[in-house]
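Subject: Handover of a structure, with notes on what was found

Dear colleague,

I am passing on the structure that you will find just below, together with some notes for a reader who is meeting it for the first time.

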Amino acid sequence: MFRARQDGAGVVVPQRLGWRARLREDVDAAIAHDPAIRSRAEVVLGYPGIHAVWAHRASHALWVRGHRLAGRLLSQFARASTGIEIHPGATIGRRFFIDHGMGVVIGETAEIGDDVMIYHDVTLGGRSLAKVKRHPTIGNNVTIGAGARVLGPITVGDGAQIGANAVVVRDVPAGAVVVGVPGKARTRDGAELPAAPVTLPEAVDLDGVDPAIWI
């Protein structure tokens, strides 16, 4: 992981972010998002969302280096100890925070940007049994409310907000708010946005199909 710095000529140069700095910014993100936190020690010792993210960073490193079984076993240990299941193949950006955490499931081909916050019982799931990109891509600065299901190879744009218990099966525009089952996108002032088309890995007749069957 890299962060940017400027050299003497004002040119932006990528700089590798060390693991200690990554841990610190994860803790800082938790403090920024949760007013109940009283100390950094409380976060490090007592927040399962943080523990799950740190375990994922290790399991993902094993996964991408070809140690698939070791990565999978570590992710299952984290699931047992935190109640949060993150597949080691999932790609997660910086400052990702899971509040409360219990029941969160993040699938193998999910991609999550920077500064994303999700609450308990969120599913980033698939709608296909094929070995393809089948889980969502979440942009930067996205918030996903408790119990929401974001399903399939859709894209959630930067700055979007997904309401509690929404079922989202279509692309979400940047900055939109999504509520309901199936989820409907609105602007921040409440105006409804046109529905994006549903793109599936294989042809499926959506007429009369409850999106909840994909959960």
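The largest cavity has a volume of about 40 Å³, and please bear in mind throughout that this is a predicted model. A search of the whole structure finds one cavity of 30 Å³ or more. Its lining is made up of A52, A55, H56, S59, S75, A78, I84 and I86, and the elements that contribute two or more residues to that lining are α3 and α4, the latter covering residues 68–82. Of the elements involved, α3 gives the most, with four residues. Sorted by class, the residues around the largest cavity are five nonpolar, three polar and no charged ones.

When neighbours within four places in sequence are set aside, S59 is in contact with G71, L74, S75 and P88.

The elements that give two or more residues to the lining of the second largest pocket are β6 and β9, with β9 covering residues 123–125. By class, the lining of this pocket has four nonpolar, six polar and four charged residues.

Strand β6, which runs over residues 105–106, includes V105. Is V105 buried, partly exposed or exposed? With a relative accessibility of 32%, V105 counts as partly exposed, since that class takes in values between 20% and 50%. Not counting residues up to four places away in sequence, V105 touches E85, V122, T123 and L124.

S128 is placed in the loop between β9 and β10, where β10 covers residues 137–138. S128 is buried, because its relative accessible area is 11%, and a polar atom of its side chain lies 3.0 Å from the backbone nitrogen of A130.

Turning to the chain as a whole, there are four helices and 17 strands, and 41% of the 215 residues count as buried. Among the contacts in the chain with a separation of 6 or more, 34% are accounted for by residues 24 or more positions apart.

As for confidence, the mean pLDDT of the chain is 84, and 80% of its residues reach 70 or more. Over residues 202–208, however, the pLDDT is below 50, and this stretch has four contacts in the model beyond near neighbours in sequence.

With kind regards

Conventions:
Residues numbered from 1 in each chain as written. Heavy atoms only, no water. Contact = heavy atoms within 4.5 Å. 1 Å grid on protein atoms, 1.4 Å probe; cavity = no way out; pocket = protein on both sides within 12 Å on 5 of 7 lines; lining within 4 Å. Points joined across faces, edges and corners; volume = space filled by probe spheres on them. Nonpolar A, V, L, I, M, F, W, Y, C, P; charged D, E, K, R; others polar. Buried < 20%, exposed > 50% of the residue type's maximum accessible area, 1.4 Å probe, protein only. pLDDT = per-residue confidence, 0-100. Polar contact = N/O pair within 3.5 Å; in protein donor to acceptor, adjacent residues only side chain to side chain.
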